[in-house]
Amino acid sequence: MYQFFVEEDAVCKNEIFIEDSDVNHIKNVLRMKKGEKIRVCTRGGDGGCYMCEISDITGDTVEAEILYKEENTSELPARIDRKSV
């Protein structure tokens with residue numbers, strides 16, 4: 001599964017708009033089509049990641065429908081016990 005990064009303002013209610021060099025990469029290098037699934041993460045902020053499906057590819061924008069937001073799993077569930085010295 002391919003993953004792309006966008007600014008937080010590229011995320012709308014149920015869509016994400018991918019722009020800039022990623023559009024060329026999606027269209028011409030990967031030759032992706034409508035209906036293909038991608039993972040999109042935001043830079044900064046909460047660092048949310050979304051599972052998406054490409055809904056439209058135009059000259060300078062790729063629109064992706066948000067299927068669901070992934071839970072933040074960046075922290076491993078670990079417990080550190082410290083013994084008093």
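**The sheet.** I started with the strands and found an open sheet of five, in the order S1-S3-S4-S5-S2, with mixed pairing. I counted strands as DSSP runs of E with at least two residues, and helices as runs of H or I with at least four, numbered from the N terminus. Two strands pair if DSSP finds at least two bridges between them. S1 and S2 are the edge strands, as each pairs on one side only. On average, neighbouring strands here are turned by 40° against each other, direction ignored. My angles run from 0 to 180 degrees between N-to-C directions, with axes fitted to C-alpha atoms, for helices over the stretch in contact.

**About the model.** This is a predicted model, where local features need pLDDT of at least 70, side-chain atom pairs count only at pLDDT 80 or more, and totals for chains, interfaces and linings use all residues. Residues are numbered from 1 along each chain as its sequence is written, and side-chain values use heavy atoms, leaving out hydrogens and water.

Next I looked up S1 and strand S3 (residues 37-42), which pair in the parallel sense over four bridges. Which residue in S3 is the bridge partner of Gln3? I found Arg39 there.

**The helix.** I then followed H1, which lies across S1, S2, strand S4 (49-57) and strand S5 (62-69). H1 runs at about 160° to S1. Contact here means heavy atoms within 4.5 Å.

**A note to remember.** Strands of a sheet pair through backbone hydrogen bonds, either parallel or antiparallel.
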